[in-house]
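Biologist: Let us go through this one briskly. I will ask what the labels rest on, and you set each value against its definition.

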Amino acid sequence: MLLAVVALLVAGCAITEPATRPALRMPSGWSEPVPAVAMQPGAGWWRSFSSAQLEGLIDAALAGSPDFRIAAERVRQAEIQLRTAGASLLPFATVGGDTDWRRTDPARERAIDSESSGASLAIRYEVDLWGRLAAGVVGADASLAATRHDFDAVRLTLVTGVASTYFQLLTTRTRLDIARDNLAIAERVFDIVEARYRNGAASALDVSRQRGTVLAQRAALLPLENQERQTLTALAVLLGRIPQDFGVDGETLAALAIPEVAPGLPADLLVRRPDLASAEAQLAGADADVAAARAALLPSVQLSGSAGLASTALLSLANPSNSIALSASLAQTLFDGGRLRGDVEAARSRRREFVENYRAAIFTALKEVEDALGNADRNRRQEDLQQRVRDEAARALRLAELRYREGADDLLAVLDAQRTLFQAQDQLAQLRFARLAAALDLFKALGGGWEDSGPAASGNGENMRYVSRR
């Protein structure tokens, strides 16, 4: 018997396996160019775009977004699950009472009435000898941590989504303004062509060509107007507003500042991104699940006790008799068809899955930062070149119009200059949006200034764990 107890204790000491982490060497630096003078992501990083309208929209989204409220409720659910798991470490007590009246009427004998009343208290407690219940609490705590990190990730996604949609709205409005200006230019040139045609200096073909340009420019307004409406309604949904009758009086796209963002070292991502923190917490929960599954292979020990009062009266405990009982039980599964050992192997497989999820999340984070850095650099240089292209195209159109009025060139030169200017202006607006989007992507890829500084209460936008790194 002593040898059996010793064997059980040795087995109990061996149920905890070392925590599993992916073997991964982080790079020492970034391949893409890093700005020499740049800001570090910090709390309220969206203010670096210098847009009071954007700040108001983000505040409204954090207060009214259904997705954000759903994430907050998931945190509350995880907190409840943790409390429920912790309750398994405590004794379980029940209290009960009963009263009974019974008549027995034997054949050819007088009926017998019996009455009884009783009250009882029972306490049951499972001795967590192998740490199975404690492992369940650890797993629930890890699940709560992962849910909180997911909440932070939802907040970051919501903020960047609102900013991106607002930037897209301003870009669409800018492109609409450009298209309307280009329509005005096309109509002005059409007036010139018509005047020359009336004076016999231009052909009917010239008139038809320029009229086609005017019509094409009017048609180009329609998809942009539709895109503006759809972007506006998408922004309303992000804010938790009814799309109908929702409006935003935004500033111009050119008025927005485009911040330069410093990425720091690649290894910093492990503590700066909530999604990576969530993946690590899920891995810790998987370790706890393995420990709980292994502990389930060992005997369970339960202690129980009860005390009661009983009386031979109805609805009364007068002159009761007392009873008390104490017991201890030891149970060991002898045969279950391999179910418990299958649970252990399944838990280990899930842990290996979470290891790979964590590794994949790290790879994705590194790629996202590299892509955002590269896009920010290339889009900045491309916008500078595109501004020069736009300026030259505007100059070429002025010269083409002047030469056409003087009869030095035909209308084809004017049409070609118009198309070049229209495309250059539209491309410049889109490149401006691309630069803003790249800055947003970089803020998001770097975690938006997030740091895990311990547990936080759930329920509103003020309890995020964001710190300033300025």
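Biologist: Which residues does Asn-379 touch, not counting residues up to four places away in sequence?

Modeller: Asn-379 touches Ala-434, Arg-435 and Ala-438. Contact means heavy atoms within 4.5 Å. Before we go on, this is a predicted model: local features need pLDDT of at least 70, side-chain atom pairs count only at pLDDT 80 or more, and totals for chains, interfaces and linings use all residues. Residues are numbered from 1 along each chain as its sequence is written, and side-chain values use heavy atoms, with hydrogens and water left out.

Biologist: Why is Asn-379 called buried?

Modeller: Buried means under 20% relative accessible area, exposed means over 50%, and partly exposed lies in between (1.4 Å probe, protein chains only). Asn-379 has a relative accessible area of 13%, so it is buried. Asn-379 is found in helix 8.

Biologist: What makes a run of residues a helix or a strand here?

Modeller: Both are DSSP runs, numbered from the N terminus. Helices are H or I, with at least four residues. Strands are E, with at least two.

Biologist: Why is Asp-343 called partly exposed?

Modeller: Asp-343 has a relative accessible area of 34%. That value lies between the 20% and 50% limits, so partly exposed is the label. Asp-343 also lies in helix 8. Its C-alpha atom is separated by 38 Å from that of Leu-446, 103 residues apart along the chain.

Biologist: Why are helix 8 and helix 9 called roughly antiparallel?

Modeller: Angles under 35 degrees count as roughly parallel, over 145 as roughly antiparallel, 65 to 115 as roughly perpendicular and the rest as oblique. Angles run from 0 to 180 degrees between N-to-C directions, and axes are lines fitted to C-alpha atoms, for helices over the stretch in contact. Helix 8 (residues 339-405) and helix 9 (residues 411-445) pack at about 160 degrees, with axes 7 Å apart. Therefore the two are roughly antiparallel. By class, their contact has 23 nonpolar, 9 polar and 8 charged residues.

Biologist: What puts a residue in each class?

Modeller: Ala, Val, Leu, Ile, Met, Phe, Trp, Tyr, Cys and Pro count as nonpolar. Asp, Glu, Lys and Arg count as charged, and the others, Gly among them, as polar.

Biologist: How do helix 4 and helix 9 cross?

Modeller: The axes of helix 4 (residues 132-198) and helix 9 come within 10 Å and cross at roughly 170 degrees. That makes helix 4 roughly antiparallel to helix 9. Their contact has 16 nonpolar, 10 polar and 3 charged residues.

Biologist: How do you know that the length of helix 7 agrees with its residue count?

Modeller: The expected span of a helix is 1.5 Å times one less than its number of residues. The 22 residues of helix 7 (residues 274-295) should span 32 Å, and its end C-alpha atoms are 32 Å apart, so the two agree. Helix 7 is also mostly covered, with 17 of its 22 residues buried.

Biologist: What do helix 2 and helix 5 reach, against what is expected?

Modeller: Helix 2 has 13 residues and reaches 19 Å from its first C-alpha to its last, close to the expected 18 Å. Helix 5 has 35 residues and reaches 52 Å, close to the expected 51 Å.

Biologist: What do the buried residues of helix 5 pack against?

Modeller: They pack against helix 2, helix 4, helix 8 and helix 9. The buried residues of helix 5 include Val-207, Leu-221 and Leu-235. Just after helix 5, Gly-240 takes a positive phi of about 75 degrees.

Biologist: Why is Asp-245 called exposed?

Modeller: Asp-245 is at 84% relative accessibility, and the limit is over 50%, so it counts as exposed. Asp-245 is found in the loop between helix 5 (204-238) and helix 6 (269-272). Its phi is near 65 degrees, a positive value in a residue other than glycine.

Biologist: Why does Ser-50 get the exposed label?

Modeller: Ser-50 has a relative accessible area of 51%, so it passes the 50% limit and is exposed. Ser-50 is found in the loop between helix 1 (2-13) and helix 2 (52-64). Its phi is near 60 degrees.
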